[in-house]
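Work through the exercises below with the sequence and the 3D view side by side. Try each task before you read its solution.

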Amino acid sequence: MTAQKLVCSSMKVTITNDVGRVIMPCPGCGETIVRSARARKLAIKYKCEKCGFTGPN
Ligand SMILES: [Zn+2]
């Protein structure tokens, strides 16, 4: 896996070195969703850019 720029889907910030980040497939379309630790902690909703799926987790 090559180093890539990871942008939090909730907060639109680059979190390449964010320890608590989560990378997961979108439940709707499988697109990669990245969430920062801060977004998780604050339970900020994310939205999939591809299919528009939103969710808290
Ligand atoms: Zn999606």
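This is a predicted model: local features need pLDDT of at least 70, side-chain atom pairs count only at pLDDT 80 or more; totals for chains, interfaces and linings use all residues.

**Exercise 1.** Find which residues Met11 contacts, once its neighbours within four places in sequence are left aside.

*Solution.* With those neighbours set aside, the contacts of Met11 are Ser36, Arg38, Ala39 and Ile44. Now consider one of these partners, Ser36: although Met11 and Ser36 stand 25 residues apart along the chain, their C-alpha atoms are separated by 7.9 Å.

**Exercise 2.** Identify the atoms that coordinate the zinc ion, and determine the geometry of its site.

*Solution.* The donors are the SG atoms of Cys26, Cys29, Cys48 and Cys51, at 2.2 to 2.3 Å, and along the chain they follow the spacing C-x2-C-x18-C-x2-C. The angles among the four donor atoms run from 104 to 113°. Four donors count as tetrahedral if all angles lie between 85 and 135 degrees, and therefore the site of the zinc ion is tetrahedral.

**Exercise 3.** Decide for Cys26 and for Cys29 whether each is buried or partly exposed.

*Solution.* Cys26 has a relative accessibility of 5%, so it counts as buried. Cys29 has a relative accessible area of 36%, and is therefore partly exposed.

Conventions. Residues are numbered from 1 along each chain as its sequence is written. Side-chain values use heavy atoms; hydrogens and water are left out. Donors are N, O and S atoms within 2.8 Å of the metal (3.2 Å for Na, K and Ca); water is not among the atoms, so sites may look incomplete. Four donors count as tetrahedral if all angles lie between 85 and 135 degrees; four count as square planar and six as octahedral if opposite donors are over 155 degrees apart and all others between 65 and 115; anything else is irregular. Buried means under 20% relative accessible area, exposed over 50%, partly exposed in between (1.4 Å probe, protein chains only). Contact means heavy atoms within 4.5 Å.
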